[in-house]
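Visitor: I would like to go through this model and ask what stands behind the words used for it. Could you guide me from one term to the next?
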Amino acid sequence: MAIRAVLFDLDGTLWTMLPSDHNWDPITAIQAGALKPHFDRLGFSFDPADFVLRLVADVRATLNPPTTDHSEPSWYPCLERVLASYGHSCDRSDASLILDEINAVPFTVMGIFAFSDAAPALEALKASGLKIGAVTNNPKPAHILAAQVQHLGLPDVFDVIVSSWELGWRKPHPIPFRTALRALGVEPHETAHVGDSYENDIAPALALGMTAVLRRGRPTPPGAPVPHHEIDSLEELLPLLTPDA
């Protein structure tokens, strides 16, 4: 059966990972500046920068260590706890606006950049008629990730972006993959999944019956089922997945 769709992991596959030594102070300042108009409107008099630091600390404590069942805890209770510590609360729509502002800092400001082979590969795959999706553990809403795609200079080719943030489940759980397949209207055997993590990308893709493509970089566990393809460049994908084109 011919491949009709390609799913991509994002971090480490289409763009670089967050640098481990990144200075968060400028990011906190940007986030605090973006929050100030919302806080003024809501009557919050506390320091937005202090709020960001408290929220980040609560989120990190909530997400680490990761759950063993691959469920993804929501950030909303974290936000509610931090606001309560100041004696305040807000409704869900305002909470969403606050979280969007915190997550909207452009990746390039954070030292994250698209791989040079990502844009041409995505454009070529889309031009060939394939459906394109993303399945990611990056804890941000899909609309924020779509904006980050554009900030990074990548083409707007994604038919669906499935994030652990919105589903409440993270890879390697099958739910994120099945959600993307359903949104694209394709079966696993008609789909390739491309990622850089054996545990989060290759193993679940193989288990679901997809064509598994590993972007080389991390080692494959000894004795584990091998991916269908291993690539050094995303530009290898078009001839691999559309051999008759």
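Visitor: Which residue in E3 does Val135 stand opposite?

Guide: This is a predicted model, and in it Val135 stands opposite Val162 of E3.

Visitor: What makes strand E2 and E3 a pair?

Guide: Two strands count as paired if at least two bridges are found between them; strand E2, residues 131-136, and E3 share four bridges in the parallel sense, and therefore they meet that criterion.

Visitor: Why is the sheet called open, and which strands stand at the edges?

Guide: Its six strands follow the order E3-E2-E1-E4-E5-E6 with parallel pairing. Strand E3 (160-163) and strand E6 (229-231) stand at the edges, and because each has a single partner strand, one side of each is left without a neighbour in the sheet. Neighbouring strands are turned against each other by 20° on average, with direction ignored.

Visitor: Which strands does helix H6 touch when it packs on the sheet?

Guide: Helix H6, residues 142-151, touches E2 and E3, and its direction makes about 120° with that of E3. Helix H9 (198-208), in turn, lies across strand E4 (191-195) and strand E5 (211-215), running at about 160° to E5.

Visitor: Why is His70 called partly exposed?

Guide: Buried means under 20% relative accessible area and exposed means over 50%; His70 has 22% relative accessibility, so His70 counts as partly exposed. This residue, found in the loop between H2 and H3, has a positive phi of about 70° although it is not a glycine.

Visitor: What is the omega of the cis peptide bond from Asn64 to Pro65?

Guide: Omega is near -5° for that cis bond, and Pro65 has its place in the loop between helix H2 (48-63) and helix H3 (76-85).

Note on methods
Residues are numbered from 1 along each chain as its sequence is written. This is a predicted model: local features need pLDDT of at least 70, side-chain atom pairs count only at pLDDT 80 or more; totals for chains, interfaces and linings use all residues. Side-chain values use heavy atoms; hydrogens and water are left out. Helices (H or I, at least four residues) and strands (E, at least two) are DSSP runs, numbered from the N terminus. Axes are lines fitted to C-alpha atoms, for helices over the stretch in contact, and angles run from 0 to 180 degrees between N-to-C directions. Contact means heavy atoms within 4.5 Å. Buried means under 20% relative accessible area, exposed over 50%, partly exposed in between (1.4 Å probe, protein chains only).
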